[in-house]
Amino acid sequence: MFTTKEIPLKMKALVLHGVGDLRLDEVNVPEIQKDCVLLNIKNCGICSSDIERVFVNGTYHFPTIPGHEFSGEIVGVYDEKDKELLGKSASVFPLLPCNECSACKDKKYAQCSNYNYFGSRCDGAFSEYLVVPKWNLIYFDGMDYDVAALCEPAAVALHATKKVDIVKGNNILVLGTGTIGLLIAMFAKVKGANVVIGARRNESMDYAKKLGFDVLNTNNLTEELSRFAGGFDYVFEAVGSNESISQSIMAAGNFAKIVVVGNPKGDLTLDKNVYWKVLRKEITITGTWNSSYSDVANDWQEALKFMKDNYDIFKNLITNVYSLEKYNEAFDLLRDKKKFKIKVMFKIDR
C-alpha cells in the first residue's frame with residue numbers, strides 16, 4: 001500500500017450493534033484491496049433513511065457502520081500505478097453493483113438485482129476511514145468537504161426531476177422540505193418551471209421563501225389549492241406518507257404526472273375518493289430511486305457542476321454539524337420534529 005501519511009491500525013466508528021444500539025467504537029482500519037483506495041472520511045451526512053435504519057428497521061446484518069452520504073481525501077492506494085490519486089478529494093457513489101445481472105450489463109446499476117451498499121449492506125462512512133473501489137469515486141476540487149458530501153442527495157434529486165420532461169412554464173409542486181425536496185425544487189426551478197413547495201411548519205415555509213419559492217400550506221390544502229386553478233402539471237412527493245401521497249393526487253391537474261420519491265415508513269393506503277382522482281384526472285404516477293451513474297448517464301457529474309455554480313445555497317443547507325462523539329445529540333435533533341433543521345452532518349477529524 002502507498003500512503004500520504006502513516007495509517008493507524010485502529011479508528012473511531014459509529015457501529016450499529018442492533019436496532020437502537022448505536023455505539024462509538026474503536027475498530028480496525030479496513031485493509032485496502034486491489035482497484036480500491038483508502039478514503040479518509042471528512043464529512044458524512046445523516047440521511048432520513050439512517051433514522052429508520054438505526055432505530056426501526058436495522059441494517060442487513062449486525063454489526064454495521066452506517067453512513068452513505070460522504071466525502072473525503074484519498075490517503076492510500078493499493079498499486080503504485082495509482083499513486084497519482086493520493087491527496088485527491090472525492091465523494092462516493094454508495095452503490096456497489098454486482099456487474100453480472102442484466103441491469104448491470106445495461107449499465108442501469110441502480111436496478112442491480114444483487115447490489116451491495118455502503119452503510120446498510122456493508123460498512124459505511126460514520127467512521128474515520130473507508131475502503132472504496134476506484135470506480136465509485138467522484139473527484140472534485142475547489143469545494144469544501146461538507147458541501148461535497150451533499151453530492152449524493154443532489155444526484156438523487158436531479159435524477160427524480162428527469163423522470164418527467166420539465167420545460168419552462170411548467171407548474172410544479174414539491175411536497176417535502178427535507179434536503180431531497182428542496183434540491184428537487186432547485187433543479188426544477190433552474191429548468192424554468194414555476195415551483196411551489198408544500199410544507200406544514202412555519203419554519204420550513206419561511207426557509208423555502210428565503211430560497212425564492214412560493215409556498216403552499218399543506219395544513220389547509222383545499223383552501224390553498226384554490227390559488228392554483230387547474231392544479232399542477234407535475235408533483236414531486238418527497239415525504240413518503242399516506243397523507244402526502246393523497247395530497248399529491250389532490251393537487252395534481254388533469255393528465256398530470258406524480259413522481260413519488262419519499263421512502264414510506266409503513267404500509268400505504270388510499271381513500272377511495274382519492275384513488276378515483278387518479279382515474280378521473282388520468283394521472284400518471286412514477287417512482288424513482290437513487291441515481292444514474294455510468295458513462296452513458298451520470299447524474300453525479302451534472303449535480304457536482306450545479307453545486308459549484310450554486311455553492312452558497314448548498315452550504316446553507318447544512319444547518320447542523322457534529323463530531324462522531326456527539327452522535328446522540330445529532331440523532332436526538334433529527335428525531336425531534338419540533339426543531340428546525342435541514343441537513344445534519346458529521347465532521348470527522350483525524
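Buried here means under 20% relative accessible area, exposed over 50%, and partly exposed in between (1.4 Å probe, protein chains only). Helices (H or I, at least four residues) and strands (E, at least two) are DSSP runs, numbered from the N terminus. Keep in mind that this is a predicted model: local features need pLDDT of at least 70, side-chain atom pairs count only at pLDDT 80 or more, and totals for chains, interfaces and linings use all residues. Residues are numbered from 1 along each chain as its sequence is written, and side-chain values use heavy atoms, with hydrogens and water left out.

**Around H8**
- The buried residues of H8 are Ser-244, Ile-245, Ser-246, Gln-247, Ser-248, Ile-249 and Ala-251.
- Their cover includes S11, helix H7 (221–225), strand S14 (232–237), strand S15 (252–260) and helix H9 (272–281).

**Asn-170**
- Asn-170 sits in the loop between helix H4 (151–161) and strand S11 (171–175).
- Asn-170 counts as buried because its relative accessibility is 11%.
- Leaving aside residues up to four places away in sequence, Asn-170 touches Asp-165, Ala-193, Asn-194, Asp-233 and Tyr-234 (contact means heavy atoms within 4.5 Å).

**Out on H9**
- Leu-279 lies in helix H9, and with a relative accessible area of 41% Leu-279 is partly exposed.
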